Amino acid sequence: MQVQLTINGEKHEADVEPRLLLVHLIRDVLRLTGTHIGCDTTHCGACTVLLEGRAVKSCTLFAVQASGKQLMTVEGLEQDGKLHPLQEGFMAEHGLQCGYCTPGMLMTSVAFLEKHPKPSEDDIRRAISGNLCRCTGYVNIVKAVQHAAAALQGGA
Amino acid sequence: MEPRTTADVGGMGHSLKRKEDPRFIRGRGTYVDDVQLPGMLYLDIVRSTHAHAKIVKIDSAKALAVPGVLAVITGADLAKYNLHWMPTLMSDTQMVLPVEKVMYQAQEVAAVLATSRYAAADGAAVVEVEYDPLPVVVDPRKALEPGAPVLRTDKKDKKDNHIWHWEWGEKAATDRAFTEAAVTVKENIYLPRIHVASIETCGCIAHFDKIDGKLTVWMTTQAPHAIRTVFALVAGHVGLTEHKIRIISPDIGGGFGGKVPVYPGYVIAVAASVLTGKPVKWIEDRMENLQADSFARDYHITAELAANKDGKLTALRIKTLADHGYTDAAANPSKFPAGLFHVCTGSYDLKAAHVEVDGVYTNKPPGGIAYRCSFRVTEAVHTIERMVDLMAHQLDIDPAEFRMKNFVKPEQFPYKSALGWEYDSGNYAGALQKAMDTISYAELRKEQAARRARGELMGIGISSFTEIVGAGPSKHFDILGLKMFDSCEIRVHPTGKAIARFGTKSQGQGHETTYAQILAEELGIPARDIQVEEGDTDTAPYGLGTYASRSTPVAGAAAAVAARKVRDKARKIAAHLLEVAEDDLVWEPGKFSVKGAPSQSKTIQDCAFAAYTNHPQGMEAGLEAVSYYDPPNLTYPFGSYICVVDVDAGTGEVKVRRFVAIDDCGNIINPMIVQGQVHGGLTMGLAPALFEEISYDEHGNVQGGSFIDYLVPTAVETPKWETGHTITPSPHHPLGAKGVGESATVGAPAAIANAVVDALWHLGVRHVDIPITPAKVWKLLREHGVRG
């Protein structure tokens with residue numbers, strides 16, 4: 001089947017099997033390998049991307065379901081050489097270690113902060129509870145999101 | 001400790017931002033599955049539905065009819081090359097693919113090679129395997145009963161399921177101490193099977209180039225050099241020699257011990273690439289990862305502790321059944337089949353101890369690897385910390401006071417333990433006191449009494465652990481004969497920048513940053529000017545890899561030693577440039593100056609340039625050094641953790657209200673990274689304490705084989721960790737450092753378990769095995785008369 005979609009502002013077309021998972025289109029066909037795969041059961045969130053601004057787990061959608069839509073992956077966060085405040089926050093607060101869950105954490109947090117610009121710590125913990133991290137113990141991820149929230153509030 | 005270098009140089013003690021992060025936060029890391037080569041084929045594995053069965057027939061016809069499927073590989077195919085079995089790191093044997101029978105559910109049965117990921121999976125789904133079920137043995141105690149089915153029928157003359165017996169310590173003296181003891185306590189403690197569940201699973205791309213006969217394997221491995229040697233030893237007879245094998249361990253999405261072993265999938269991918277001459281990718285999915293990759297723990301422990309009438313501990317006696325699954329594929333140093341379990345006297349001054357461990361075969365996957373822990377140290381720490389708590393409660397002495405009374409004292413270091421270890425340094429009372437002060441321990445006990453009077457279940461648990469890491473001194477430590485040194489090679493370029501390569505491999509620990517900081521500390525070259533590389537066996541010096549918190553104790557020491565060799569040569573060059581004797585020079589980080597004439601000086605960068613442009617006559621050009629560091633002793637990080645839990649009498653749920661962790665890992669290289677390691681370690685301590693277990697039903701069916709029922713904690717269940725540290729340097733490590741990556745995983749479960757038992761002690765509860773699930777607690781409460 002033919003799919004057409006826009007990823008990080010760029011138009012892509014591909015001829016895919018109807019059963020092709022969106023994450024495999026992104027990674028294997030379009031070679032945007034920042035989006036990762038960590039489980040088979042929609043639990044880990046390493047594959048999280050934005051579909052029309054909503055955080056979705058791209059291992060649980062077919063590529064054809066994204067046809068005609070706008071996607072953003074981790075590769076799209078940096079704009080004109082300027083990092084997204086969340087990317088800055090994760091570096092500043094040591095919010096990552098092995099880096100494998102990081103793209104998914106970032107994309108979940110981007111969508112979350114857009115709807116909840118002034119979150120409490122509990123709000124953040126609930127928001128990222130669909131994304132598993134085995135390295136950080138989440139403390140510094142929470143701080144990274146708070147760091148970004150403050151920067152976004154400050155008009156950064 | 002105040003840093004000796006400026007923030008600009010970024011040596012030890014600076015919380016330098018990580019060099020790794022710019023690529024990771026942009027999604028520009030390169031993990032194994034990100035590597036895609038032209039013409040690459042894909043491998044998918046058919047796995048056993050039975051825990052123990054004869055293979056009657058494997059019918060590949062339907063799979064071969066799937067478009068894109070090129071081959072179905074079976075044990076019979078590998079047997080032609082004698083590659084159907086492989087040795088384990090513990091000198092046992094493991095099937096790559098079976099010829100006669102399967103030994104656990106999810107074991108590899110056949111592999112499908114295809115032109116795409118999906119075609120390979122389609123093929124694997126329709127390989128038809130006919131099994132003839134055999135009696136299943138899942139309980140190691142039953143495995144040892146007379147008449148139990150003998151599982152390893154491949155081993156000639158094997159008449160039972162007993163693998164090995166190992167014991168350590170003075171049995172007679174220990175037995176005597178128990179006879180003479182005023183008080184003894186005894187408990188059965190089970191540490192269940194768990195899985196490291198790194199978020200990246202395992203996999204590889206094997207690429208055999210038929211023209212130059214070279215095999216390159218991109219692989220999720222924590223020990224690339226050892227893997228290269230193992231491949232050469234195992235597959236030399238089919239033409240793979242060590243100079244024609246290159247292992248590349250790229251960015252690794254978490255290791256924790258699970259990426260030390262050689263899994264059959266790697267070997268099948270290599271065989272498929274050698275046969276086809278094409279790159280072959282194998283990436284396991286999460287269920288394969290949890291169900292077939294190496295497990296951790298599965299220790300059935302019976303422990304006894306003795307004390308005199310004054311509450312002074314005297315002796316420890318432990319017997320353990322170690323369930324290894326169908327083969328001993330643990331990853332311990334060769335001399336120690338139970339790892340370093342005999343550090344089980346912990347932080348306490350015991351005069352006698354004796355430990356016995358028996359390895360047992362069952363119909364479960366192999367493993368016995370660590371779960372973010374030095375070899376079997378969590379098993380040791382959990383046992384002693386539970387037993388000490390039990391004794392304190394039994395004697396009605398506050399567990400903190402009881403620990404203080406029985407700790408090894410600072411003046412006793414270096415301390416020779418009853419089981420023969422020489423602890424390098426420690427101040428156990430200092431760490432516990434700091435933890436007590438931080439959490440306001442006395443206030444908490446008052447609050448607990450008040451709550452208990454109201455019928456509320458609040459518990460306070462302590463764990464004062466001692467770790468043993470940094471394997472290890474070559475006299476006692478080897479893996480398959482390879483001594484457990486590690487290495488650093490440093491080259492300083494003419495313009496004063498440097499590259500350093502190591503025999504270890506970071507999996508998130510931040511080596512690129514911390515190693516650069518060690519070199520910055522020793523050479524005064526800014527950390528940002530030092531490129532750190534690991535993981536490519538064609539370029540990095542030989543080393544045994546990263547696990548058991550050995551990177552800082554061993555490779556970090558190698559970095560310091562190599563840097564000091566570089567500095568010694570730079571001193572000669574500086575003397576030559578300044579026309580003074582070497583002895584007339586004073587070193588401060590980054591600069592040699594003349595004694596009494598500080599304006600006359602040469603920077604390390606000046607010396608580097610001269611090493612290539614104006615070196616003294618008779619000296620070789622260049623500025624580089626290598627160190628293969630053989631540690632004189634292990635290091636013994638320690639800490640004290642205090643945990644406060646509230647137990648819901650209605651549901652049995654345990655909530656960790658507070659958790660204070662005071663760690664001592666000696667001198668600290670990067671405080672930010674050390675704190676991050678402790679946060680992560682604590683969470684991997686919480687996980688098995690409350691949530692994670694892989695169990696099996698009587699038929700050997702795996703329970704907990706996916707993230708649906710293997711419960712990795714999320715941000716919601718994870719408490720807000722409170723961390724701090726004391727600093728007691730290691731006297732033998734060149735930097736006084738000890739290693740920290742695993743301390744918290746080792747120490748945390750006992751603090752949580754002790755807190756839960758503390759909350760329930762007055763009801764008559766004496767012990768609860770981890771994971772402490774709501775169901776388990778609910779049942780205990782009902783058994784002890786609490787109706788909620």
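Reply: Let us begin with the second largest cavity of this predicted model, which holds about 160 Å³ of space. Its lining consists of 16 residues, and those nearest its centre are T88(B), L89(B), Q94(B), P261(B) and V262(B).

Me: What is the make-up of the lining of the second largest cavity in terms of nonpolar, polar and charged residues?

Reply: The lining of the second largest cavity divides into 12 nonpolar residues, three polar ones and one charged residue.

Me: Which domains of chain B give residues to the lining of the second largest cavity?

Reply: Domain 2 (32-134 + 202-283) and domain 3 (295-471 + 633-783) of chain B both contribute to that lining, and therefore the second largest cavity lies between them.

Me: How many cavities of 30 Å³ or more does a search of the whole structure find, and what is the volume of the largest cavity?

Reply: The search of the whole structure finds eight cavities of 30 Å³ or more, and the largest cavity has a volume of about 470 Å³. It is lined by 37 residues, of which Q509(B), H511(B), Q677(B), V740(B) and G741(B) are the closest to its centre. In chain B, the helices α14 (511-523), α15 (551-578) and α17 (671-690) each supply at least two residues of this lining, and the lining of the largest cavity as a whole comprises 15 nonpolar, 19 polar and three charged residues.

Me: Let us turn to pockets. What is the volume of the largest pocket, and which residues lie nearest its centre?

Reply: The volume of the largest pocket is about 870 Å³, and among its 37 lining residues H24(A), D44(B), R117(B), I283(B) and D285(B) lie nearest the centre. Two or more lining residues come from each of these elements: α1 (22-29) of chain A, and β1 (41-47), α4 (117-126), β14 (280-283) and α9 (286-292) of chain B. The element that gives the most to the lining of the largest pocket is β1(B), with six residues. By residue class, this lining divides into 20 nonpolar, five polar and 12 charged.

Me: What is the volume of the second largest pocket, and which strand gives the most to its lining?

Reply: The second largest pocket has a volume of about 510 Å³, and of the 23 residues that line it the closest to its centre are E653(B), F691(B), V716(B), E717(B) and T718(B). Strand β32 (residues 654-664) of chain B gives the most to this lining, with four residues, while the lining of the second largest pocket is made up of 14 nonpolar, five polar and four charged residues.

Me: How should I read a sheet, and in what order do the strands of the open sheet in chain B stand?

Reply: In general, strands of a sheet pair through backbone hydrogen bonds, in either a parallel or an antiparallel manner. In chain B, three strands form an open sheet with antiparallel pairing, in the order β6-β2-β8. The edges are β6 (101-102) and β8 (128-133) of chain B, each of which has a single partner strand, so one side of each is left without a neighbour in the sheet. Strand β2 (residues 53-59) of chain B is joined to β6(B) by two bridges, the two strands running antiparallel, and the bridge partner of A53(B) in β6(B) is V102(B).

Me: How many salt bridges are there over all chains, and how do I read a single pair?

Reply: As a general idea, side chains of opposite charge can pair when their charged atoms come close. Over all chains the count comes to 62 salt bridges. One of them joins R125(A) to E121(A), with the closest N and O atoms 2.9 Å apart. These two residues are separated by about one helical turn, because they are four residues apart in helix α4 (residues 121-127) of chain A. R125(A) has 6% relative accessibility and counts as buried, whereas E121(A), at 22%, counts as partly exposed.

Me: Which parts of chain B does the salt bridge between E128(B) and K62(B) tie together?

Reply: The closest N and O atoms of E128(B) and K62(B) are 2.7 Å apart. E128(B) lies in strand β8 of chain B and K62(B) in helix α2 (residues 61-64) of chain B, so the pair ties together parts that are 66 residues apart in sequence.

Me: Are D92(B) and R152(B) buried or exposed?

Reply: D92(B) and R152(B) are both buried, and they form a salt bridge whose closest N and O atoms are 3.4 Å apart.

Notes: Residues are numbered from 1 along each chain as its sequence is written. Chains are lettered from A and ligands numbered from 1 in the order in which they are written. This is a predicted model: local features need pLDDT of at least 70, side-chain atom pairs count only at pLDDT 80 or more; totals for chains, interfaces and linings use all residues. Side-chain values use heavy atoms; hydrogens and water are left out. On a 1 Å grid over the protein atoms alone, a cavity is a set of points where a 1.4 Å probe fits but cannot get out, and a pocket is an open set with protein on both sides within 12 Å along at least five of seven lines; lining residues have an atom within 4 Å of a point. Grid points are joined across faces, edges and corners, and a volume is the space filled by probe spheres set on the points. Ala, Val, Leu, Ile, Met, Phe, Trp, Tyr, Cys and Pro count as nonpolar, Asp, Glu, Lys and Arg as charged, and the others, Gly among them, as polar. Domain bounds come from an automatic or database domain assignment. Two strands pair if DSSP finds at least two bridges between them. A salt bridge is a side-chain nitrogen of Lys or Arg within 4 Å of a carboxyl oxygen of Asp or Glu. Buried means under 20% relative accessible area, exposed over 50%, partly exposed in between (1.4 Å probe, protein chains only).
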